[in-house]
Amino acid sequence: MVGAGGIGCELLKTLALSGFEDIHIIDMDTIEVSNLNRQFLFRKSHVGQSKAKVARDAVLKFRPHINITPYHANIKDPEFNVDFFRQFNVVLNGLDNLDARRHVNRLCLAASVPLIESGTTGFLGQVTVHVKGRTECYECQAKPAPKTYPVCTITSTPSKFVHCIVWAKELLFAKLFGDRNRENDLNVRSSDSSISSEQIDDVFERRMDENIEKYARRIYDHVFGYNIEVALSNEDTWKNRNRPRPIYSNDVIPAELIGQNGNLEKNSVLGDASSVSAMASLGLKNTQDIWSLKENSKVFFEAVRLFFAKRGKEVGNMIFDKDDQLAVEFVTAAANIRASSFGIPLHSLFEAKGIAGNIVHAVATTNAIIAGLIVIEAVKVLQNDTKSYRMTYCLQHPSRKMLLMPVEPFEPNKSCYVCSKTPLTLVVNTHRSKLRDVVDKIVKAKLGMNLPLIMHGSLLLYEVLAKLPSPVTGGTMLTVEDLQQELKCSINVEHREEFDEEKEPDGMILSGWSQPPLEENKDKTVVENGASTSAASVATSLGTEDDEIQVIPTQIGNKRKLSDISGSALSDHSSVTSETKFIREVEEIEDTDDLVMLDDGLSDSKKRREQ
Amino acid sequence: MDGEELTEQETALYDRQIRVWGADAQRRLSKSHILVSGLQGSVIEFCKNIVLAGVGSLTINDDRLVTEELLSANFLIPLDESVYSGRSIAELCCESLKDFNPMVRVSVEKGELSNFNVDFFGKFDAVIINCCSLATKKSVNEKCRKLLKRVAFYTVDCRDTCAEIFVDLQKYTYLKVRKGEEKFECLVEYPSFEEAISVHWKSLPKRVSKLYLAMRVIEKFEELEGRSPREISTTDLVNVQKLRRELCEAYCVSESLIPDHLLGRLLRGKTEFPPVCAIIGGILGQEVIKAISGKGDPLKNFFFFDAMDGTGLIEDISKAKTEG
């Protein structure tokens, strides 16, 4: 079992009751309060302890005679190599992120061990069976990339609240409280070249002995006022858009009023840095309330004040964390002020926290159902009852009377680069591109490799900070290999001189890795998601190495890809999301009592026969 | 927005699920009172789900003493005879359930389900009964229907790899959410259990679940023999087949609608199949949450699951034609 979170707890319990007697369970996470509403093997007293270990102890209470081996570790650690995977009859995934799912898929293929994959979000869920050579592997179908946003949407033309959240969290918060040396696109590009970027940077620096309130007002006026004025000066931008309104602090809260807001004493009594809260000192109680512009501005000032007054030591090296109350308050307030400026509806802290923290909706019931379905498939796999394998969707609204819909698994995709070794194509400027970029942007970010090697014939081109060696030109075939995943794939290189900065920010294009097979048919939602990888410019420059925003059910896998972190509410569950969108599509098929063949158009050559 | 607001503690604990069903639904849940009777696999699962969800109170009723068989799908009771000797299954489950969520009041109600009067059921918002006779199912359902307030009624029947859920929400209005944000009120009228099982087989929906028919045969068999669901076995197959023929002839339908292998499996239902219990307990949990919160399309009025083909099917069987 990989994962001891939402699905994992339910699964371990159902496996034990069903008579499984030798179970290994891996999870790198520790228990949090927000897990307790569904991860029923854990209690409040367990907060902070290893999920895998506590889950084991809890299950042994009602089934003391079985063997459960817990690992408080990351499934991507090198010790979990192909030999490790070979010792199992079946691997069951209860994961929450694409990276780890792909990694486990590859190891299961290399070890020839059947994999049962699962995922839930809200009332929706799915279970799929992946047996090498018999059914498709987890990566046979394109997985929609996590939602990303073009840099200019975030910096200049937000149209949705999520854009404001990304701006507040990845740019403003990072700029004020994070590592100053990191690249940051906070300032809109001005056509006025007289202002050098260094001068602008000074704006964010708190001057020696500068009063905190004064500093906060200066920042406020700069980002919500001045920057908007600068943006407005680019007339072209606003031809087809609503013009934003600059907001200055004095217009919202006259200068003399500030200082009366905060109640310094309340917080200093508490003393504990983690409990510092602007809401508390302002007397705001309900996280579900939507604050006015004035309230948001007060929270903004109070949060800045508290960061410097109470948590000054952390300023300069902070990373946004959804469990950091003050950080969430700051981001909520900043996003809302920006939203007011752009005429975007404001949101409550509760909602903002969900978006900023990529919090995935989760309930116990769906996890329990999915765990039951996993065990049913696991029993079939152990009995080698190959004809009965099913992938099952758990729906919110019945489709042709079905709430649980079994579908025959697909055959392996012959053009899958993971399980069918089909070569990929990389279009790149072979004269100027750096091998490092190929490794980072392609091999790691897109192909999901962990410990890659790159070969040209028998020549090892490792990770060198240099131009691609001269033998690499258009027509060259490279071999990329991950020794841990035992995955090897071939890449044909094509040369191209120029790339569109906005649409192709990587400066190179990989094709064949997430072939969008659904592009031509009616499953448009998946295409939209899938297409976003190449079309939308990834907000990579916004990237922090933020692996804190991972949440439930379990986080396995360490660093997330840069492209993952641009603030999508659902990026962790992107695969589930895509499938559930697909389900909605299926549901629209006319309701009929007949036992029908599901429309073949849903997926080119593959049959989905209704059971 | 009715009543008090959720406490900080509640908001922290229920954060993820509030993101699914909203704070007002959570408030309604925390004021609801649930009764369950018959603590076997799927109901144990249901209890876990509903306690985690944060209902106001859960009352559990099952006076049976613990046996090995009763524990086959039970994860609430430690496998330790010294702990459970002499105590009822409800008493033992109560302790673990309390532990799952200190904010939910879990208590034991002693007594025989069929002896509880109408007023007793009036204390609850939802009543879930399991492993009881046809007569008890009918009588508890009737008692719930006599009350002025609406009490949601559910019966669960898990046998081997098959399961049936029946739902009676009487006259039920809820907020239906169509694509996007559009919401409108929706009224659904449910038949009673008695009405739903008396529908003429000729007027059932096309290609009705075989499980619906097979369950009616088994139920009828138990009633005629005066035996409980736990007192039948595959040795009864010949007599059950005889009854199937009689019923099919009376309703003028083909016997092939109720295959032997299905009857055989239903008769084997003593030991529970834990994955099916997890699935049924999950579906039931969702339905009760929907009924209490008034959010989401409720199931009407039967749900069938068969692990052999993996289908979870909803059947609406409500035309009250009772001739034949």
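Colleague: What is the relative accessible area of B:Tyr212, and is this residue buried or exposed?

Modeller: The model is a predicted one. A residue counts as buried under 20% relative accessible area. B:Tyr212 therefore counts as buried, its relative accessible area being 0%.

Colleague: Which type of aromatic pair do B:Tyr212 and B:Phe304 form?

Modeller: The ring centres of B:Tyr212 and B:Phe304 are 6.4 Å apart, and pairing requires centres within 6.5 Å. Planes over 60 degrees apart count as edge-to-face. With 85 degrees between the planes, the B:Tyr212 and B:Phe304 pair is edge-to-face.

Colleague: How many residues apart in sequence are the parts that this pair ties together?

Modeller: B:Tyr212 belongs to helix 10 (residues 210–225) of chain B, whereas B:Phe304 belongs to strand 9 (residues 302–306) of chain B. The pair therefore ties together parts whose separation in sequence is 92 residues.

Colleague: In chain A, where does A:Phe320 lie, given that A:Phe173 lies in helix 6?

Modeller: A:Phe173 and A:Phe320 form an edge-to-face pair, 6.0 Å centre to centre with 90 degrees between the planes. The pair ties together parts 147 residues apart in sequence, because A:Phe173 is in helix 6 (residues 161–177) and A:Phe320 is in the loop between helix 12 (293–310) and helix 13 (325–341) of chain A.

Colleague: Which residue lies over the face of A:Trp167?

Modeller: A:Trp167 is part of a cluster linked by ring pairs, whose members include A:Phe173 and A:Phe320. At 4.4 Å from the ring centre of A:Trp167, the residue over its face is A:Arg338.

Conventions. Residues numbered from 1 in each chain as written. Chains lettered and ligands numbered in written order. Predicted model: local features only at pLDDT ≥ 70, side-chain atom pairs only at ≥ 80, totals over all residues. Heavy atoms only, no water. Phe/Tyr/Trp six-rings, centres within 6.5 Å; stacked < 30°, edge-to-face > 60°. Helix = DSSP H or I, 4+ residues; strand = E, 2+ residues; numbered from the N terminus. Buried < 20%, exposed > 50% of the residue type's maximum accessible area, 1.4 Å probe, protein only. Lys NZ or Arg CZ within 6 Å of the ring centre and 35° of its normal.
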